[in-house]
Amino acid sequence: MAGEEEIVFEDLFPAMVDKLGAEGFMKELCNGFRLLMDGEKGMITVESLKRNLGLLGLQGMSDDELVCMVGEGDLNGDGGLDEMEFCTLMFRLSPALMKSSRSLLEEALVADM
């Protein structure tokens, strides 16, 4: 497609998990959620993403792309991403994390006990 810039996603999550451990990584995902969410609605919306595009390095994204981005993770159809939907989407976007998600979950559960 001429004139369109392709967004390349580099999967840095496995390195973050190695550095932070499962519990630390989950805390960072939660921090990311809070940074991007609409404070009044308690979820990430198209509008809250639009306000924070600079933080993500995605200033050139169109409204349609943002709608698709939110729609990809909106499992309950409420038009936004709650914290669980956001974390689920982040895992789905990382092939390496999907492969190791069971062991990460077990590590996080053991850390909570």
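Q: Before anything else, what does "buried" mean for a residue here?

A: Buried means under 20% relative accessible area, while exposed means over 50% and partly exposed sits in between. Keep in mind that you're looking at a predicted model. In this protein, buried residues make up 32% of the 113 residues.

Q: How do I see which parts of the chain meet in space?

A: Look at contacts between residues at least 6 apart in sequence: 43% of those join residues at least 24 apart. For one case, take leucine 93 and phenylalanine 13, which are 80 residues apart in sequence and 9.6 Å apart in space, going C-alpha to C-alpha. Leucine 93 itself is in the loop between α5 and α6 (95-112). With a relative accessible area of 39%, leucine 93 is partly exposed.

Q: How many aromatic pairs does the structure hold?

A: There's one aromatic pair. Its members are phenylalanine 33 and phenylalanine 86, with ring centres 5.9 Å apart and planes at 50°, so the pair is tilted. Phenylalanine 33 belongs to helix α1 (residues 13-36) and phenylalanine 86 to helix α5 (residues 83-92), so the pair ties together parts that are 53 residues apart in sequence.

Q: Which other residues of α5 are buried?

A: Besides Phe86, the buried ones in α5 are Glu85, Cys87, Leu89, Met90 and Phe91. Here's a handy general idea: an α-helix has 3.6 residues a turn, so residues three or four places apart point the same way.

Q: What caps the N-terminal end of α5?

A: That's aspartate 82: one of its side-chain oxygens lies 3.1 Å from the backbone nitrogen of methionine 84.

Q: What does the side chain of asparagine 52 reach?

A: It reaches the backbone oxygen of serine 48, at 2.7 Å. If you leave aside neighbours within four places in sequence, asparagine 52 is in contact with Leu35 and Leu36.

Q: And what about serine 48?

A: Serine 48 lies in helix α2 and is buried, with a relative accessible area of 0%. Its side chain goes on to reach the backbone oxygen of leucine 36 at 2.9 Å. You can follow the two steps by eye: asparagine 52 to serine 48, then serine 48 to leucine 36. Setting aside neighbours within four places in sequence, the contacts of serine 48 are Leu36, Met37, Asp38 and Met43.

Q: Leu35 came up as a contact of asparagine 52. Is leucine 35 buried or exposed?

A: Leucine 35, which lies in helix α1, counts as exposed at 52% relative accessibility.

Q: Which residues form a nonpolar patch with Leu35 on the surface?

A: Leu55 and Leu56 do. Together with Leu35, they have about 290 Å² of accessible area.

Notes: Residues are numbered from 1 along each chain as its sequence is written. This is a predicted model: local features need pLDDT of at least 70, side-chain atom pairs count only at pLDDT 80 or more; totals for chains, interfaces and linings use all residues. Side-chain values use heavy atoms; hydrogens and water are left out. A polar contact is a pair of N or O atoms within 3.5 Å; within protein, one must be able to donate a hydrogen and the other to accept it, and residues adjacent in sequence count only if both atoms are side-chain atoms. Contact means heavy atoms within 4.5 Å. Rings of Phe, Tyr and Trp (its six-membered ring) pair if their centres lie within 6.5 Å; planes under 30 degrees apart count as stacked, over 60 as edge-to-face and the rest as tilted. Helices (H or I, at least four residues) and strands (E, at least two) are DSSP runs, numbered from the N terminus. Buried means under 20% relative accessible area, exposed over 50%, partly exposed in between (1.4 Å probe, protein chains only). Patches are made of residues with over 30% relative accessible area and no salt bridge: like charges are joined within 9 Å, nonpolar side chains (Val, Leu, Ile, Met, Phe, Trp, Tyr) within 5 Å. Accessible areas come from the Shrake-Rupley method with a 1.4 Å probe; for residues, only the protein chains shown count as cover. A salt bridge is a side-chain nitrogen of Lys or Arg within 4 Å of a carboxyl oxygen of Asp or Glu.
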